[in-house]
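Here are my notes for your reading of this model. Please keep the sequence and the 3D view open beside them.

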Amino acid sequence: MSLPSASREPAGEPDDYLERRKLRRGSAGWLLLTGLGVAYVVSGDYSGWNFGLAEGGFGGLAIAMVLMGVMYTCMVFALAELSSVLPTAGGGYGFARRALGPWGGFLTGTAILIEYVLAPAAISIFIGDYVESLGLFGLESGWPVYLACFIIFIGIHLWGVGEALRFSFVVTGVAVAALVVFALAALPEFDASSLDDIPVDSSALGASSWLPMGLLGIWAAFPFGMWFFLGVEGVPLAAEETREPARTLPRAIRWSMGILVVLALMTFFTAAGARGSNAIQDAGNPLVEALQPDGEATVLSRIVNYAGLAGLIASFFSLIYAGSRQLFALSRAGYLPRFLSLTSSRRAPYLGLVVPGAIGFALAASTGNGARMLNIAVFGATISYALMSLSHIVLRRREPELPRPYRTPGGVLTSSVALVLACAALVATFLVDVTAAFIALAVYIVALAYFGLYSRKHLVAKAPEEEFAALAAAEAELARD
């Protein structure tokens with residue numbers, strides 16, 4: 001039986017094609033992967049989420065955070081199952097490729113890539129702001145700081161994945177410990193009456209002190225509720241570098257999400273209650289602001305300030321890793337130019353690290369607009385969430401007998417909840433920053449044109465994701481016969 005035309009390998013491909021595109025296997029256990037999952041996200045606890053207070057007030061952001069927490073929880077349970085079935089570096093793209101075909105795989109992979117290229121670019125700008133505010137080495141935020149971030153941390157990744165994940169684990173531990181210190185320091189100042197102190201827009205439907213921007217404010221706060229969890233879905237991208245991925249990945253995903261939920265609740269309530277929602281809604285550094293009621297720096301506020309820089313570095317570092325593995329998987333399978341998936345003698349996808357890094361640096365240096373880039377990243381993320389959740393539903397329906405070492409609690413009901421909430425979050429991005437949403441949409445259209453006109457005719461049958469798809473097609477044909 002021949003493969004479908006979209007899965008045929010182009011003629012003239014060398015026999016060592018996959019050998020030159022191999023990652024270092026067995027480099028990570030569940031503990032390092034759990035740290036990776038938290039590292040993706042931890043910077044969101046230090047800044048960004050508080051802007052949702054300006055969109056929906058304390059009550060609106062609280063409801064948005066809970067709903068987005070439900071979305072991520074449902075989605076990571078679905079991803080835990082999918083990663084145990086298809087443990088490849090493609091992650092969400094690989095899942096969608098199996099369930100939705102080449103177009104679905106490319107749509108998902110492109111959305112994930114938008115997220116993981118734009119988010120580090122934005123975070124490099126935030127790192128620059130922190131370096132300047134702390135007066136480190138007399139540096140000011142600007143392109144030299146952004147360039148140093150990309151060179152240093154891409155260099156560590158080129159050194160090796162094991163070393164990179166251990167570095168990320170240590171920095172993440174510092175950032176998480178500081179969040180606990182912050183909560184303990186802010187708790188004595190907690191005042192419930194400060195939570196709903198944002199002025200009420202009386203013209204808004206359903207407006208109250210808890211919902212000062214009305215019911216629509218809940219929806220507008222969705223993208224900011226996501227910041228407490230954005231990126232955790234990247235854990236499966238480490239599948240090919242994991243020991244016993246079918247067992248390790250589900251465990252790491254579940255532990256990561258559990259830790260993030262605790263950190264989100266702890267940070268949100270103590271920060272808003274210590275200083276008041278109105279005081280921190282526009283702050284670039286809300287946790288530090290919460291510990292400085294008179295605007296004077298304290299020992300604790302400076303500790304948290306330095307830890308915020310550690311959190312940004314942890315997320316920046318881990319998102320570079322995620323972006324490189326997504327680009328590697330798409331390139332290896334022929335969806336993107338295949339030279340991008342070549343690996344070094346240390347089994348690091350060097351072009352997969354350098355090319356997105358160069359793009360990210362160029363965007364950071366030329367625009368300096370971190371907030372807009374994060375909004376573009378959120379747009380890509382929500383599309384990928386919807387498609388990954390849909391992939392779980394389709395595979396459960398189409399291939400019910402597929403061996404599943406881990407099964408999602410609640411089955412398709414769980415992933416259906418994630419799908420609905422992801423679609424709602426996608427629409428919410430247009431409420432917050434319509435320009436960012438249309439920029440992301442334009443990038444998407446260009447990528448789809450490239451796939452439709454060229455790369456879908458040049459996919460590599462040897463790639464793991466394509467082999468999984470070909471095997472499924474063969475089994476389906478045999479079943480029909």
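This is a predicted model: local features need pLDDT of at least 70, side-chain atom pairs count only at pLDDT 80 or more; totals for chains, interfaces and linings use all residues.

1. Residues are numbered from 1 along each chain as its sequence is written, and side-chain values use heavy atoms, with hydrogens and water left out.

2. The chain holds 17 helices and zero strands, these being DSSP runs numbered from the N terminus (helices: H or I, at least four residues; strands: E, at least two). Of its 481 residues, 60% count as buried, that is, under 20% relative accessible area with a 1.4 Å probe, protein chains only.

3. Helix α3 (residues 51-85) and helix α14 (residues 370-398) have axes that come within 10 Å and cross at roughly 50°, the axes being lines fitted to C-alpha atoms over the stretch in contact, with angles running from 0 to 180 degrees between N-to-C directions. The pair α3 and α14 is therefore oblique, the class left over when angles under 35 degrees count as roughly parallel, over 145 as roughly antiparallel and 65 to 115 as roughly perpendicular.

4. Helix α5 (residues 143-159) and helix α12 (residues 299-332) pack at about 55°, with their axes 10 Å apart, and α5 and α12 are therefore oblique to each other as well.

How values were computed. Buried means under 20% relative accessible area, exposed over 50%, partly exposed in between (1.4 Å probe, protein chains only).
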